[in-house]
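Open the model in your viewer and keep the selection tool at hand. We will go from stop to stop.

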Amino acid sequence: MSRISRIACLALVACFSAAPAFAGKVAKIDLTAYLDGHPQQGDFRVYARDDGASVMAQVLQAVELPKSTVFESQYDEDGQTEVDVNELVHGKEARVGTIALEPDIALVIAKPKKVESFVFVPGKPQKYKLGFKILYQAQKAGKATLAGFTTFVGFVMAVPGAGQVFGDFNPTPLGTMPVAQFHREQTLTFKVGKDTFGTSSVSDYWVTLERGTVRREYMAQSFENGVPTSTFGPYVYTLDHGEEAGVPFP
């Protein structure tokens, strides 16, 4: 995640606080400082899950383009591995590309597509919908759709449930550097022949300027032909440690 100076951050907050309120109109807020960045190969994060398990996210490779960074990330949880191609268009938006769910299964899209602008209207969902080809052992097996929305809830001065203040993750104690809170709901649907199955999820997450997402609450339910088959969570994930640009933290 990109960093922002304390002075710039405080000026940003002061600007929002001083902005006049108009009935029926909510000002847009540029959250580039929270959501943009320059991921590098070798960057990683380890999250502690509230049932004692741990989850690791790492950047396998990254390519800097004139206006964006394209990077491949791997996520390991409960023995399952997922590899995603993502793109950050600097100062503008986040995009999602091809997703590898298992060694033999891939959701392929020609190029990364937008899922989130860095400019939000508080409380107003940003919707997205992406289409993929399902490849099984390199052969087309069906179609997939990733659809949902992300909402910027607002700034908070405390991360819920954290007896700590994440002092190790911020240059100043929480309370000086505001935390951005988001809510996301999405459904990944697979269509193979006459069968439809997939997973719907709901998550809330808290993002700091220095360390990105420090807490995430997540739950999901899988279904087949409209019938629920299993539930995952709810779980709470808390940032434990990691490394950025070769520098470990905390």
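Predicted model: local features only at pLDDT ≥ 70, side-chain atom pairs only at ≥ 80, totals over all residues.

**Stop 1: two hairpins**

Stay with β13 and β14. They form a hairpin, with three residues between them. Now pick V202 and look across to β14: its bridge partner there is M219.

Click E217 and you will find V236 of β15 opposite. These two strands form a hairpin as well, with two residues between them. Select N225 in this hairpin: its phi is positive, near 50°.

**Stop 2: charges over rings**

Show the side chains of R215 and W206. R215 lies over the face of W206, at 5.7 Å from the ring centre. Then show R216 and Y237. The charged end of R216 sits over the ring of Y237, 6.0 Å from the centre of that ring.

**Stop 3: the largest nonpolar core**

Which residues touch the most other members of the largest nonpolar core? Select L31, Y34, L35, F120, F152 and F182: of the 18 residues in this core, these have the most such neighbours. Colour α2 (32–35), β12 (179–192) and β13 (195–208), the elements that give two or more residues to the core. α2 gives the most, with three residues.

Centre the view on L31. Beyond its neighbours within four places in sequence, L31 contacts F118, F120, F152, F155 and F182.

There is a second, separate core to find. That core has 13 residues, and L107, L146, L188 and F190 are among them. In general, nonpolar side chains tend to be buried together in soluble globular proteins.

**Stop 4: the ring cluster**

Select Y34, F120, F152, F155, F182 and Y205. Ring pairs link these residues into a cluster. Counted over the model, there are ten aromatic pairs. Zoom in on F152 and F155. Their ring centres are 5.3 Å apart and their planes meet at 70°; the cut-off is over 60 degrees, so this pair is edge-to-face.

F155 has a relative accessible area of 30%, so F155 is partly exposed.

**Stop 5: K129**

Go to strand β10, residues 126–136, and select K129. Is K129 buried or exposed? Its relative accessibility is 68%, so K129 counts as exposed. Leaving out residues up to four places away in sequence, K129 touches T145, L146 and A147. L146 is a residue you have met already, as part of the second core.

Now draw a distance from K129 to Q186. They are 57 residues apart along the chain, yet their C-alpha atoms are separated by 9.4 Å.

**Last stop: the whole chain**

Zoom out and switch to a cartoon view. The protein chain has two helices and 16 strands. Of its 250 residues, 40% are buried. Take the contacts with a separation of 6 or more: 50% of them join residues 24 or more positions apart.

Conventions
Residues numbered from 1 in each chain as written. Heavy atoms only, no water. Core = buried A, V, L, I, M, F, W, Y, C linked by side-chain atoms within 4.5 Å. Buried < 20%, exposed > 50% of the residue type's maximum accessible area, 1.4 Å probe, protein only. Helix = DSSP H or I, 4+ residues; strand = E, 2+ residues; numbered from the N terminus. Contact = heavy atoms within 4.5 Å. Phe/Tyr/Trp six-rings, centres within 6.5 Å; stacked < 30°, edge-to-face > 60°. Lys NZ or Arg CZ within 6 Å of the ring centre and 35° of its normal. Pairing = 2+ DSSP bridges.
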